[in-house]
Amino acid sequence: GENALSLEFDSEDLDSSYNESECTKINLSGSGATVSGSGVTVENGNITITSAGSYIISGTLTDGSIKVNCSEKGTVRLILNGASISSSSTAPVVVEEAKKVLVTLADGTTNTITDKTRQSVDDEDFSSAVYSKADLVFNGSGTLNVNAGYRNGIKSTDDLKVVSGTFNITSNEDGIIGKDLLGIKDGKFTIKSGSDGMKSTYDTDTSKGNIVITGGEFDITASNDGVHCNRDILISGGNLTISSGDDGVHADANLQVDGGTIDIKKCYEGLEGVHITLNDGDISIVASDDGINAADGSSSSGMGMGGFGGGQASSSDSSVLLTINGGNIFVNASGDGLDSNGNIVMNGGNVTVLGPTSDGDTALDFDGTFTINGGVLMAFGSSGMLETPTTAQNGCCIVTTLGTVSANSAFSLTDSSGNVIMSYIPTKNFASAIVYSS
């Protein structure tokens with residue numbers, strides 16, 4: 001079904017302006033800080049904010065942390081104005097308690113947060129360089145560099161939302177985690193992560209743990225999944241470039257794309273979810289296994305037995321569905337191009353699949369039915385396990401098996417007068433072509 005996710009902001013979230021005279025100023029210096037204003041305690045390198053209000057933070061803290069521990073109802077606003085904060089023993093920025101924390105990246109500033117490999121301690125294992133137990137919102141047009149040498153980059157155990165800003169995150173584990181919600185309106189993100197790039201993980205309240213991206217520029221290099229979610233993902237805008245060791249974008253439940261650009265340059269599987277709905281957008285995928293995979297239950301690259309079921313259910317699961325309503329979709333897959341452990345429905349869109357050259361996989365793989373009601377489909381691949389659409393309406397579907405045709409050979413469909421209806425030049429060998437058009 002349609003995804004009811006939306007991304008909502010308070011008016012204060014969208015306003016990055018501030019009046020300096022109304023803010024407490026925290027000037028970091030070496031192993032300590034000087035404060036002008038109220039609401040802050042400083043004990044060596046431990047700086048604790050205890051009251052709601054706005055705090056301008058600048059300077060360099062070589063080994064210490066900024067903590068928010070505020071039981072008041074109001075918002076705590078941290079204005080990073082050329083701040084560099086490092087810690088060797090804990091998270092450099094920690095929100096222990098607050099109604100909400102708003103981080104403004106001041107215009108024209110670069111701010112850097114660094115933590116290092118450390119022994120985890122039972123009573124205080126903050127697993128990220130910026131760690132929040134409250135809702136966390138970022139705005140402003142400045143830059144935040146996060147060097148997470150311990151585990152994760154930025155994590156909130158509640159909602160994590162980004163209005164704007166430039167984020168350069170390098171992390172041993174995950175780049176950005178919003179446990180209840182990860183919501184991004186805009187911003188520029190460069191993420192290099194030792195595990196997942198962006199993630200939402202809530203596992204008990206089934207309405208939470210979602211990711212909503214309505215805009216932004218993303219360059220994600222991740223050892224595991226580029227974007228990983230334990231519930232639903234909605235992408236309605238933005239420009240995502242992803243190179244990942246496992247899935248490009250993975251949802252445990254629904255994955256919906258309403259717009260934007262998704263360019264997955266390297267992955268094991270490109271898009272994965274139980275229900276995948278592609279309404280619009282430009283999607284390009286280069287996958288070492290399946291390009292788009294609708295499956296119930298997570299697949300893992302540890303399953304990689306080529307085309308021999310890959311450890312997944314071989315019988316059709318009617319709850320699993322890939323629906324293509326629109327968009328421009330290009331898939332270059334060494335495994336199956338489009339794969340559903342249930343059904344596939346195509347109502348529109350422009351879909352090109354360069355499928356496998358091996359006969360253990362196929363360009364279009366489905367365990368239930370594949371219904372075409374509209375759009376344009378060109379799928380090229382091997383012929384050993386060829387599957388063809390179940391029904392095609394409102395147009396014509398032609399399936400051709402050929403001997404192996406070498407890469408960069410034009411495939412053309414012409415009418416009796418020689419007019420070209422469809423043509424394409426696959427960049428890899430193919431032995432079958434499935435084409436549909438109105």
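Mentor: Buried means under 20% relative accessible area, exposed over 50%, and partly exposed in between. Please bear in mind that this is a predicted model.

Trainee: Are phenylalanine 138 and phenylalanine 167 buried or exposed?

Mentor: The two residues belong to one aromatic cluster, formed by Phe138, Phe167, Phe189 and Phe218. By the cut-off of under 20%, both phenylalanine 138 and phenylalanine 167 are buried.

Trainee: The structure holds nine aromatic pairs. Which class of pair do the rings of phenylalanine 138 and phenylalanine 167 form?

Mentor: Their centres lie 5.4 Å apart, with the planes at 90°. Planes over 60 degrees apart count as edge-to-face. The pair of phenylalanine 138 and phenylalanine 167 is therefore edge-to-face.

Trainee: How many residues apart in sequence are the parts that this pair ties together?

Mentor: Phenylalanine 138 lies in strand 12 (residues 135-140). Phenylalanine 167 lies in strand 16 (residues 166-171), so the parts tied together are separated in sequence by 29 residues.

Trainee: Where is threonine 371 placed, and which residues does it contact beyond its neighbours within four places in sequence?

Mentor: Threonine 371 is in strand 39 (residues 370-372). Leaving aside neighbours within four places in sequence, the contacts of threonine 371 are Ile344, Val345, Met346, Thr391 and Gln393.

Definitions and conventions
Residues are numbered from 1 along each chain as its sequence is written. This is a predicted model: local features need pLDDT of at least 70, side-chain atom pairs count only at pLDDT 80 or more; totals for chains, interfaces and linings use all residues. Side-chain values use heavy atoms; hydrogens and water are left out. Helices (H or I, at least four residues) and strands (E, at least two) are DSSP runs, numbered from the N terminus. Contact means heavy atoms within 4.5 Å. Rings of Phe, Tyr and Trp (its six-membered ring) pair if their centres lie within 6.5 Å; planes under 30 degrees apart count as stacked, over 60 as edge-to-face and the rest as tilted. Buried means under 20% relative accessible area, exposed over 50%, partly exposed in between (1.4 Å probe, protein chains only).
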